[in-house]
Structures are given as C-alpha cells and as structure tokens.
Amino acid sequence: MDARTSILANGAPPSHPAAVAAFRAARWLVCCDGAYPKALALGREPDLVVGDGDSLTAEQKAKLGERFIHIAEQDTNDLDKAFRTVSARFRVEDGIVILGAGGLREDHFLGNVFRLPGFAQVAPNVEMVTDAGVFSVVTDRRVYACRPGEAVSVFASEPGTHVRSLGLEWPLDGVSLAALWQGTLNRTTRESFTLWSDRPLIVYRPHS
C-alpha cells in the first residue's frame, strides 16, 4: 500500500487514471471541507476533513465528529490549512499528494500551484497530481526517471533563479530564469534527467 497521504482539495475531483489511482492508494486521506462530498462520491470516507466549516452541513459535521478539524482563520485557504494539519499529524517523509486542486477557477489553481515551494520546505516530496499531469518541486538537486522524448516544463517562482540541467533537449545550464515562461516546453533526451537550482523550482510533467 502507498504510504503517502493524499489531500483532496475542492476543485474538480480526480478522473484521470493516474489521479484516481493516487486517491485510492493513499494510506491517509485528508479533505478540504468542501471536498468531503467529492471524496464520498469517489467511494472513500476521509480520515480527516479540514477547514472553516462553511461548506459542511450540521449533519455532515455531526457525522464526522472528531474527524472534522475546524480552523477558523481566513488568512490562508483550506488547502493550506489541510497541508498544515497533515504535516503536523502524519509522516511527511513518505510524501504528500495533492489532488483536486484545479479544474474550476484558474486563479485558485495557479495560487495552489505556486504554494508548492512553500509546502516543499516542510515536505520535499510533495506533489500535485491533476488530470493532466504532475507538479513537483526541486529544492536543490533532483533526479527524475523518464523516457526519451517526454515533455517537461520548469517554472521558477523567484526571478533570477539559477538552474543547471542534464538530460534535457534544450539545456538550462547556467541559465538565470527571469520570467515564468522561460523554462517551459522542454523535452527529455535519456532515461533520466537532473535539475540543480539555487532556489525552488516547480517541475511539470504531463501524464504519458
């Protein structure tokens, strides 16, 4: 069984086989409160539901009991609250998979994606799996298994991030990424690729 914890956000529920597999395989499932009905529709009771509770009925709260973690503050969104809860209660070393983070409002989705570098400071193996692909984070050096010809895009959330690469068709050796688009639309050339960076990078790989 997969030892990782999955967080189900309140976007479009996972439907791609890879995303559904991550949902079903996770050892622990934590939902943002608005995603609780979506978890049930996918056939699983969550271990915890986290949020301000505005999206839950009184009946749902009663059913959840102590599984509902109420966090009233409004300075962060429910995904951030769920992540903080997971990092406090579960083994982040085993990895965290975020599901359901996109598919509805694109501003919410972009905000969730660019929250990943902050999450990676606590859980370096955090991933966001969508119905299109997987977002992960490089905090220093990371090697990815792949096949030649796979698509890969790299995003630096901080201008001036210095990057090196091995195994990409358009090398990023010594490149300083000044804008979000500059590391996108690359391809792999071997059975692994490696990225080095002096600041966190977000790496996107579409499902094959």
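The model described here is predicted, so local features need pLDDT of at least 70 and side-chain atom pairs count only at pLDDT 80 or more, while totals for chains, interfaces and linings use all residues. Residues are numbered from 1 along each chain as its sequence is written, and side-chain values use heavy atoms, with hydrogens and water left out. Helices (H or I, at least four residues) and strands (E, at least two) are DSSP runs, numbered from the N terminus.

In a regular strand the side chains alternate between the two faces of the sheet. In β5, I96 and I98 point one way, V97 and L99 point the other way, and all are buried.

Two strands are said to pair if DSSP finds at least two bridges between them. Strand β1 (residues 5–8) pairs with β5 in the parallel sense over four bridges, and T5 stands opposite I96. The pairing of β5 with β6 is also parallel, over two bridges; here M128 in β6 is the bridge partner of I98.

## Antiparallel partners of β13

Which way do strand β8 and strand β13 run relative to each other, parallel or antiparallel? Strand β8 (residues 141–145) and strand β13 (residues 192–197) run antiparallel and are joined by five bridges. Within this pairing, Y144 stands opposite F193.

Strand β10 (residues 161–166) also runs antiparallel to β13, with four bridges between them. V163 is placed opposite S197 of β13. A contact of another kind involves R164, which lies over the face of W196 at 4.5 Å from the ring centre. A charge sits over a ring if NZ of Lys or CZ of Arg is within 6 Å of the ring centre and within 35 degrees of the ring normal.

## Helix α4

The expected span of a helix is 1.5 Å times one less than its number of residues. For the twelve residues of helix α4 (residues 78–89) this gives 16 Å, and the end C-alpha atoms are 16 Å apart, which agrees.

The buried residues of α4 are D78, L79, D80, K81, A82, F83, T85 and V86. At the start of the helix, a side-chain oxygen of N77 comes to within 3.2 Å of the backbone nitrogen of L79. A polar contact is a pair of N or O atoms within 3.5 Å; within protein, one must be able to donate a hydrogen and the other to accept it, and residues adjacent in sequence count only if both atoms are side-chain atoms.

## Aromatic pairs

A pair of aromatic rings is described by the distance of the centres and the angle of the planes. Rings of Phe, Tyr and Trp (its six-membered ring) pair if their centres lie within 6.5 Å; planes under 30 degrees apart count as stacked, over 60 as edge-to-face and the rest as tilted. By this rule there are five aromatic pairs. One of them joins W28 and F90, a tilted pair with 5.2 Å from centre to centre and 35° between the planes. Because W28 lies in strand β2 (residues 28–32) and F90 in the loop between α4 and β5 (96–99), this pair ties together parts that are 62 residues apart in sequence. W28 is partly exposed at 31% relative accessible area, whereas F90 is buried at 17%.

The rings of F135 and Y204 have centres 4.7 Å apart and planes at 45°, so this pair is tilted. F135 belongs to strand β7 (residues 133–138) and Y204 to strand β14 (residues 201–206), so the pair ties together parts that are 69 residues apart in sequence.

## Cysteines

How many disulfides does a search of the whole structure find? The search finds zero disulfides, a disulfide being a pair of cysteine sulfur atoms within 2.5 Å. The closest cysteine sulfur to that of C32 is in C31, at 7.6 Å, which is too far for a bond. C32 counts as buried at 2% relative accessibility, and C146 is buried with a relative accessible area of 10%.

## Individual residues

Most residues other than glycine have a negative phi, and most peptide bonds are trans. L185, however, has a positive phi near 60°. L185 lies in strand β12 (residues 183–187) and is exposed, with a relative accessible area of 71%.

I69 is found in strand β4 (residues 68–70) and is buried, with a relative accessible area of 14%. The C-alpha atoms of I69 and V50 are separated by 4.8 Å, although these residues are 19 residues apart along the chain.

Note on methods
Buried means under 20% relative accessible area, exposed over 50%, partly exposed in between (1.4 Å probe, protein chains only).
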